[in-house]
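Here's a quick tour for anyone opening this one up for the first time. Have a look at the picture, then read on.

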Amino acid sequence: MTDRYVVFGNPVAHSLSPDLHNYFAKNYAQDLIYDRVLIPEGCFESIAKEQFNSGLKGCNITVPCKLDAYKFADTLSPYAKACGAVNTLKLQSDGQIFGDNTDGRGLCDDFDRIGIDLFDKRILIIGAGGAARGIILPIYERHPKSITVVNRNKDRALELKKIFDYLEVKEFSELTAEYDLIINATSASLNGLLPPLPDEVLKSSLAVYDLMYKKDGQTVFTLKAQSLGVKHCFDGLGMLLGQAALSFDLWRGIKPDLQKTYLYFAKRLGRNA
Ligand code: ATR
């Protein structure tokens, strides 16, 4: 019988998840269908219940429902607990709903794909919202030398430090040119804006990664870094594919090849890959 999966969110029409999972299903000969389901405000629990009762095997969850999914799950992975948010639900054979968050591990899988080794590196994360929170634990598990968080609103960064006590928290004005990798986890690029990071800091980084992605692979942040001479600049397409591959693995026990997936979608988006 064909298994059914969906992505829940609002809006959801733009979500690439159906394209990604249909691609995985085709490549790995999995008999499944994957749809989009729009969740009106306040309706997550009732719709998710109804869907699982009518045979849904699992789902992805996008904005603004990740906290609702966290509350809905019967059991949670350590990553979901650390994030306080769930992006993947799975109906287990015992009838329980398992909640995971694959965003941060998807990012780390993309680091592997592009050859960024975090071991003993000094990492700077810009931003202290949900996107930043979601990547901290998987990055820490790669044993970097240090993880520093900088945010316009310092109190939000200090809140993160309460959860992850190993973080260093700084103001933009206190930053010095000492980072191997700078990750932009703000939503600034979505609005074509740059976080107020001093040029000397950005310039000295060996690599930069923007969690946001743009069709052509260039965000304002990666463009700025490039213009300052940073050689290795990446947007978040690989992370998006990486988190989807991990959801697929959770549901189907097959982990899609990330580089092959990246080449396929980069081409579809018209990138030079
Ligand atoms: P998300 O879940 O995507 O992380 P969020 O919780 O709204 O979304 O957080 C957005 C993050 O982007 C925050 O860290 C925000 O900084 P503040 O907490 O100081 O608001 C950051 N951000 C958004 N626009 C920014 C900008 N133009 N410059 C710097 N930081 C920005």
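How many nonpolar, polar and charged residues make up the shell around the ligand? Sorted by class, that shell has 6 nonpolar, 7 polar and 2 charged residues. Keep in mind as you read that this is a predicted model.

**Around the ligand**

There are 15 residues around the ligand, and the ones that come nearest are Ala128, Ala131, Asn151, Arg152 and Arg156.

| Protein residue | Kind of protein atom | Distance to a ligand oxygen atom |
|---|---|---|
| Glycine 130 | polar backbone atom | 3.1 Å |
| Alanine 131 | polar backbone atom | 3.0 Å |
| Arginine 156 | polar side-chain atom | 2.9 Å |

So much for single contacts; what about the ligand's surface? Taken alone, the ligand exposes 650 Å², and the protein buries 73% of that. Two of the residues in the table, Ala131 and Arg156, also turn up in the list of those that come nearest to the ligand.

**A cavity**

Now for some empty space. Rolling a probe the size of a water molecule over the atoms shows where such space is left. Here the structure holds 1 cavity of 30 Å³ or more, and about 30 Å³ of space lies in the largest cavity.

Which residues line the largest cavity? They are Tyr23, Asn27, Tyr28, Asp257, Lys260 and Thr261. Helices α1 (17–27) and α11 (258–268) each supply at least two residues of that lining.

**Salt bridges**

The structure holds 15 salt bridges. One of them pairs aspartate 35 with arginine 4, and the closest N and O atoms of the two are 3.1 Å apart.

Most residues other than glycine have a negative phi, and most peptide bonds are trans. A few spots in this chain go the other way.

Take the bond joining asparagine 10 and proline 11: this peptide bond is cis, with an omega of about 5°. Proline 11 lies in the loop between β1 and α1. The peptide bond from valine 63 to proline 64 is cis as well, with omega near 0°. You'll find proline 64 in the loop between β3 (56–61) and α3 (66–72).

Then there's aspartate 120, which isn't a glycine but has a positive phi of about 65°. Where is aspartate 120 placed? Look in the loop between α5 (103–114) and β7 (122–126).

Methods
Residues numbered from 1 in each chain as written. Predicted model: local features only at pLDDT ≥ 70, side-chain atom pairs only at ≥ 80, totals over all residues. Heavy atoms only, no water. Near = heavy atom within 4 Å. Polar contact = N/O pair within 3.5 Å; in protein donor to acceptor, adjacent residues only side chain to side chain. Areas by Shrake-Rupley, 256 points an atom, 1.4 Å probe, with all protein chains shown as cover. Nonpolar A, V, L, I, M, F, W, Y, C, P; charged D, E, K, R; others polar. 1 Å grid on protein atoms, 1.4 Å probe; cavity = no way out; pocket = protein on both sides within 12 Å on 5 of 7 lines; lining within 4 Å. Points joined across faces, edges and corners; volume = space filled by probe spheres on them. Helix = DSSP H or I, 4+ residues; strand = E, 2+ residues; numbered from the N terminus. Salt bridge = Lys/Arg side-chain N within 4 Å of Asp/Glu carboxyl O.
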